[in-house]
Amino acid sequence: MAGVLYLEPAFLGDVVVRVLGIDPGLQRTGWGVIDLDNNRMRHVANGVVTSTQSLTLAERLDQLHTGLIKVIRIWTPDEAAVEETFVNKNPVSTLKLGQARGVALLAPARSGIPVTEYTPNAVKKTVVGAGHAAKQQVEMMVSTLLPGCDIAGPDAADALAVAICHAQHAGNRSLANSMAAHPTRNGRKYR
């Protein structure tokens, strides 16, 4: 079936697991939520949490944290996946991105949600098939894999790609642990 990515038959069985993907950034942190149900992925929601450039770094990080906590409370994910930071030529930018990434790791962890990290190349290779794919290729493949999804921009597309990558790589171990720890977590039944 075009547009639906089927997972390995033993991957989920009859459970619904909600995954939050996060693409961290100080100005714009993308987020995307997908459900894994009956060996299929389904788009739930996506968006971007922004920070105000005129504020101090601490205030901007607080804005990101508050926004991500709101996303977590609304969409109640069972697992989270965060894209790892790559090193920029500018060390100050790399440090600021690392701090934003720290917030992206902290928000779900403090909410009791298991967090997994993926390199940008692993995400691109999983979604597009090439580790050095352009952002446009990633967004196009996310739209293909999650049909009917209205993507809120490149950062949200990257976050959905991180969630898709997690769905492909997490395997039974991670999802089984999530289900065992929370058999009816967030009001969704695991059939």
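Predicted model: local features only at pLDDT ≥ 70, side-chain atom pairs only at ≥ 80, totals over all residues.
**Group meeting: a walk through the fold**

Residues are numbered from 1 along each chain as its sequence is written, and side-chain values use heavy atoms, with hydrogens and water left out.

Let's take the sheet. Five strands make an open sheet in the order β3-β2-β1-β4-β5, with mixed pairing; two strands pair if DSSP finds at least two bridges between them. At the edges sit β3 (40-50) and β5 (115-118), each pairing on one side only. On average, neighbouring strands here are turned by 20° against each other, direction ignored.

Now look at β1 (residues 16-23) and β4 (residues 79-83): they pair in the parallel sense over four bridges. Which residue in β4 is the bridge partner of G21? That's A81.

Then there's α5, which packs on the sheet and touches β1, β2 (28-37), β3, β4 and β5. A contact, by the way, means heavy atoms within 4.5 Å. The direction of α5 makes about 40° with that of β2.

Helix α5 (residues 154-169) also packs against α3 (residues 120-127), at an angle of about 80° and with the axes 9 Å apart. So α3 is roughly perpendicular to α5, a label for angles of 65 to 115 degrees; under 35 is roughly parallel, over 145 roughly antiparallel, and the rest oblique. The axes are lines fitted to C-alpha atoms, for helices over the stretch in contact, and angles run from 0 to 180 degrees between N-to-C directions.

Who meets whom there? From α3 we have A122, V123, T126 and V127, and from α5 A161, V162, I164, C165, Q168 and H169. Those residues divide into seven nonpolar, three polar and no charged.

Is C165 buried or exposed? It counts as buried because its relative accessibility is 0%; buried means under 20% relative accessible area, exposed over 50%, partly exposed in between (1.4 Å probe, protein chains only). Across the protein, buried residues make up 48% of the 191 residues.

How values were computed: Helix = DSSP H or I, 4+ residues; strand = E, 2+ residues; numbered from the N terminus. Nonpolar A, V, L, I, M, F, W, Y, C, P; charged D, E, K, R; others polar.
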